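Subject: Structure handover and findings

Hello,

I am passing on a structure that you have not worked with before. Please open the sequence and the model below, then read the notes that follow.

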Amino acid sequence: MDIEQIRQDIPLTDEFIYLDNASTSLSPRQVLDAMYEYETHYRANVGRGVHRLSQITGQLYWDAHETVNSFINGKDGTPVFVRNCTEAINMVARGLTFETGDEIITTVSDHHSNLLPWFTLRKQGVRVNVIAPSEDPAHASVTAEDVSDAIHHNTRLVAISQASNVLGTISPVREISAVAHESGALCLVDGAQSVPHMKTDVKEMGCDFLCFSGHKMLGPTGTGVLWMQDESIEPLLVGGGMIEEVTIDGYSPASGYQKYEAGTPHIAGALGLRAAITYLNQIGVEEIERHEALLAGELIKGLSDIEEVSIIGPPAGKNRIGVVSFMVEGMHPHDIAHLLDDQYSVMVRSGNHCCMPLMQHLGLKDGTVRASLYLYNTQEEIQTLISGVREIIEGI
Ligand SMILES: Cc1ncc(COP(=O)(O)O)c(C=O)c1O
């Protein structure tokens, strides 16, 4: 992995130490070039015209879906382009038909985007069971046994994130999918924090839905994916572009991703996402995983050596991603984040990370400081963060 080359592709890495990748990632110039090329060389709408520009754009837009499908080994399913992971989860929540007494299982460590769409179904009489890890919550994720204990005949869906955006823990989604299916329930995996960083194989995972954000994997903002095994949910939007036939009495929907993408999509974004995946593939996701594990190990070790710092999450090792949350005794997380930016140009996130129930569960009223890594981060950057935290503490 040629980090110098990667950093040259991403000019912002020259100016800032960007460690807020769980929030959104930076895009290499190849992604921006793909979007620029579309705008300047063949801009047209998709699926509508027979003219040359529309044909080129339509083909590339189709290819972008194929690229996404290959990336997650999802060829048997349908990848729908959406604005972000949140929209993907909402599409499932609104697209399934629920009855009073149906139940959904999710977890206390899930992001608001994998909680609120289910909470809204409570007004329809759907019960939302928010389960918590049975082990030390700061170190553990929900296990298949936890799900198995909670599941019963009314459970329609288990919705779980594969990797936590606060703790960095990885959930056993394959086993959880199997438990859900044994009880006749569906399984939705929120892959916002896993797909950009880990080899993803929906076949192996066995889930029914996989939701993720393009902008967290080098793609443009405003891009995300809902992958579904079967086209069994109702589309959220109807109108142009998603039909087979329309009469004054009604319509029949198209099949494939078109059914779920009514209206003109974010075409430049889709082509940017295609370029982002091509870029990730050229480097190799396993390489990226190894690199991030090395950096996460150094970061956890360096921070753990500082007496006033506590890591909120599992130790370095296999079953975690490069999202490292920590607290500094006697200091507010926002103050640390401000000082790291101000004095060291280090960008980290602070606060509740859209996981208020988890913070309540862990008794962390001010949240945490969170450093989240990606392929372009370096060992030097990690050392700057560690020494920055140390100096900030010494300077109090
Ligand atoms: C685990 C998880 N799920 C969902 C989301 C929502 O992603 P988006 O903002 O792209 O909708 C995030 C964003 O941080 C996340 O970390």
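Aspartate 305 and lysine 301 are joined through their side chains by a salt bridge, at 2.8 Å from N to O. The term salt bridge is used for a side-chain nitrogen of Lys or Arg within 4 Å of a carboxyl oxygen of Asp or Glu. Of this pair, lysine 301 is exposed, at 53% relative accessible area, and aspartate 305 is partly exposed, at 48%. Here buried means under 20% relative accessible area, exposed means over 50%, and partly exposed is in between (1.4 Å probe, protein chains only).

Before the rest, some notes on the source. This is a predicted model, in which local features need pLDDT of at least 70 and side-chain atom pairs count only at pLDDT 80 or more, while totals for chains, interfaces and linings use all residues. Residues are numbered from 1 along each chain as its sequence is written, and side-chain values use heavy atoms, with hydrogens and water left out.

Other salt bridges

The structure has 13 salt bridges. One of them links arginine 43 to glutamate 39, with 2.8 Å between the closest N and O atoms. Arginine 43 is exposed at 53% relative accessibility, whereas glutamate 39 is partly exposed at 37%. Another pairs the side chains of lysine 75 and glutamate 66, at 3.2 Å from N to O. Lysine 75 is partly exposed, at 48%, and glutamate 66 is also partly exposed, at 30%.

Surface patches

Which residues make up the patch of negative charge on the surface? They are Asp2, Glu4, Asp14, Glu15 and Glu380. A patch is built from residues with over 30% relative accessible area and no salt bridge, joining like charges within 9 Å and nonpolar side chains (Val, Leu, Ile, Met, Phe, Trp, Tyr) within 5 Å. Glutamate 380 sits in helix α14, residues 379-394, and is exposed, with a relative accessible area of 55%. Helices (H or I, at least four residues) and strands (E, at least two) are DSSP runs, numbered from the N terminus.

There is also a nonpolar surface patch of about 360 Å², made by Val238, Ile243, Val246 and Tyr251. Isoleucine 243 belongs to strand β9, residues 243-247, and is partly exposed at 32%.

Helix α10 covers residues 267-283, 17 residues in number, and spans 25 Å from its first C-alpha to its last, close to the 24 Å expected at 1.5 Å a residue. The expected span is 1.5 Å times one less than the number of residues. Just after α10, glycine 284 has a positive phi of about 100°.

Glutamine 258 is in the loop between β10 (250-253) and α10, and is partly exposed at 26% relative accessibility. Its C-alpha is separated by 9.9 Å from that of glycine 240, 18 residues away along the chain.

Leucine 375 lies between β15 (368-372) and α14, in the loop. Leucine 375 is buried, with a relative accessible area of 0%. The C-alpha atoms of leucine 375 and leucine 218 are 9.9 Å apart, although 157 residues separate the two along the chain.

Regards

Notes:
Accessible areas come from the Shrake-Rupley method with a 1.4 Å probe; for residues, only the protein chains shown count as cover. Lys and Arg count as positive and Asp and Glu as negative; His and the chain ends are not counted. The place of a charge is taken as NZ of Lys, CZ of Arg, CG of Asp or CD of Glu.
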